[in-house]
Amino acid sequence: MGSRVKPRLGIIGGSGLYESEFLEAQETLDVVTPYGKPSAPLEMGKFGKEQVAFMPRHAPEHSIPPHRINHLANLWAMKEVGVERVVTTSSVGSLKLEIRPGEFIIPDDYLSPWNIPTYHDEEVVHVTPKLDPSLRVRLLESAQKAGVQARDGGVYIQTIGPRLETVAEIRMFREFGDVVGMTMASEATLARELDLPYASICTIDNYCHGVVDEPLAYAEIVSVQREKADDLTRVLHAFLEAAP
Ligand code: HPA
C-alpha cells in the first residue's frame with residue numbers, strides 16, 4: 001500500500017458529511033476488498049498529529065441508499081489501510097420528545113436483531129457487540145469543546161430502510177430505544193468483528209413518525225442534516241486536535 005499517510009483513525013461520514021476538506025496532505029486510495037467496492041475511495045490525510053482515512057458512507061453524491069451500503073467492504077477497507085479505530089457520524093430520528101432535533105447524541109448501545117452483517121459466514125465466531133467507551137468519552141469532550149450540545153448515551157435502533165418507519169413501529173420502538181437510524185449498528189458490529197474500537201456521534205434530524213403531530217417528510221431530515229454539517233466538522237476538528 002504505497003500511501004504517504006499511515007492512518008490510525010478511520011472516519012466514516014454520514015448524511016451531511018461527505019467531504020474530507022479538513023484534512024491536509026490528502027491523497028485518494030482505491031481499495032479493493034474481498035467483499036467488493038467500498039462506498040468511495042479512501043481520502044487519506046492528516047489533521048495535526050492525527051493521520052486519518054475518511055470515507056463518505058453514502059458516496060460523495062449521496063448516491064447509495066442505506067440498505068445498499070456495502071458495510072463489509074467499508075470496514076474491511078479501513079482495516080486494510082491500517083486504521084486502529086473508527087469514529088463515524090450518523091443521522092437519526094428521535095423517539096422521545098425530550099430528545100430534540102438539532103441536538104447530538106452519542107449512543108452507548110444499539111438494537112438491530114433483524115439485519116446482521118458478518119464476516120463470519122464460514123466459521124463459528126460469536127463476538128459480543130459494544131460501542132467503545134473511551135472513543136465515546138473523546139467524542140463527548142470534543143462536542144463540549146466545539147460548543148455543541150451532545151447527549152451522553154442512548155439506545156440506537158437500526159431499521160433496514162430505505163423507507164421510514166410506520167407509526168406502529170415507532171410506538172413499539174419507543175419502549176426499547178431512544179433514536180432510530182439505518183446504518184450505525186451494522187458498522188459497529190463489523191468493526192467489533194475486525195477488533196476495531198468504534199463509536200458514533202449522531203445528529204438528531206427529526207422526530208420519528210408519529211412522535212409529534214406534524215407530518216414527517218424526508219426533506220425536513222435533509223435540511224437539518226445540512227444545517228448540522230458545520231457543527232459536526234467542528235466536533236471532528238476538536239476530536240483530531242486532541243489526538244493522543
Ligand atoms: N428513521 C430512520 N432513520 C433516520 C430517521 C428516522 O426517522 N431520521 C434520520 N435517519
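A residue is taken to be near a molecule if one of its heavy atoms lies within 4 Å of it. In this predicted model, local features need pLDDT of at least 70 and side-chain atom pairs count only at pLDDT 80 or more, while totals for chains, interfaces and linings use all residues. Residues are numbered from 1 along each chain as its sequence is written, and side-chain values use heavy atoms, with hydrogens and water left out.

The residues around the ligand are S91, V92, G93, L164, E165, V180, G181, M182, N206, C208 and I221. Strand 5 and strand 10 (179–181) each supply at least two residues of this shell, and strand 5 provides the largest share, three residues; strands here are DSSP runs of E with at least two residues, and helices are runs of H or I with at least four, both numbered from the N terminus.

Nitrogen atoms of the ligand lie 3.3 Å from a backbone N or O atom of S91, 3.2 Å from a backbone N or O atom of G93, and 2.8 Å from an N or O atom in the side chain of E165. Taken alone, the ligand exposes 260 Å², of which the protein buries 95% (Shrake-Rupley areas, 1.4 Å probe).

Helix 4 (residues 184–193) is mostly covered, with nine of its 10 residues buried, that is, under 20% relative accessible area with a 1.4 Å probe and protein chains only. The buried residues of helix 4 pack against several elements, including strand 5 (85–94), helix 1 (71–80) and strand 11 (198–207), where contact means heavy atoms within 4.5 Å. Just after helix 4, D195 takes a positive phi of about 65 degrees.

Note on methods
Buried means under 20% relative accessible area, exposed over 50%, partly exposed in between (1.4 Å probe, protein chains only). A polar contact is a pair of N or O atoms within 3.5 Å; within protein, one must be able to donate a hydrogen and the other to accept it, and residues adjacent in sequence count only if both atoms are side-chain atoms.
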